[in-house]
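Work through the exercises below with the model in view. Each task is followed by its solution.

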Amino acid sequence: LSEQKRAVQLLRETEEKMRLLELTKEEEERQRLKTLIDTSPVGVLLVDACTQQVVLVNPEMQRIWGISYQPGKALDECDRGIIYRKPDGRLFDRAELPIRRALNRGETVRAEQVRTELPDGRTVPTLINVTPVLGSDGQITSAISIIQDLTPVEELEKLRNEFLGMV
């Protein structure tokens, strides 16, 4: 009986070690993903479909559109004072913004140009990709947006045009 108890105890200890090892691997994978997102050269924004609250925002996103985007804040609250324009200068209807189309209609948006006028006076040209995230039931649970700041591209284009104008 004593040997059986030891065997059962050993089995339990082995199962516990395996469970902890699995948790460690999951945590390591989570940390890798967090590092990738935090060091990404593009802005990353994740918004919950049900609450319309920001779930995740990386440092580049905060640099591009300002620190108003914070986890736990409602999307409407983050957008206050920001004007979104189409490339031709027309205003975006809020419902037609890429993130809202993904959240509300399940639309995937690729390479949409949006000029963002921020409360601090800056205008930031961006290229936006957004995709809805679906749950196992096929319903939209969230949307993830990838935002690229096109300011360096526009500045380079301006310099190129100035140079060609002098030649």
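**Exercise 1.** Decide whether M166 is buried or exposed.

Solution. Buried means under 20% relative accessible area, exposed over 50%, and partly exposed in between (1.4 Å probe, protein chains only). M166 has a relative accessible area of 69%, so M166 is exposed.

The model is predicted: local features need pLDDT of at least 70, side-chain atom pairs count only at pLDDT 80 or more, and totals for chains, interfaces and linings use all residues. Residues are numbered from 1 along each chain as its sequence is written, and side-chain values use heavy atoms, leaving out hydrogens and water.

**Exercise 2.** Place M166 in the chain's secondary structure.

Solution. Helices (H or I, at least four residues) and strands (E, at least two) are DSSP runs, numbered from the N terminus. The chain has 5 helices and 6 strands. Along the sequence their pattern reads α-β-β-α-α-β-α-β-β-β-α. M166 belongs to helix 5, which covers residues 151–166.

**Exercise 3.** Describe the overall dimensions of the chain.

Solution. Start with the box: along the principal axes, the C-alpha atoms fill roughly 95 × 40 × 25 Å. Next take the radius of gyration, computed over C-alpha atoms; the globule rule is 2.2 Å times the number of residues to the power 0.38. For a compact globule of 167 residues the value would be near 15 Å, whereas the chain has 23 Å.

**Exercise 4.** What share of the residues counts as buried?

Solution. Of the 167 residues in the chain, 28% count as buried.
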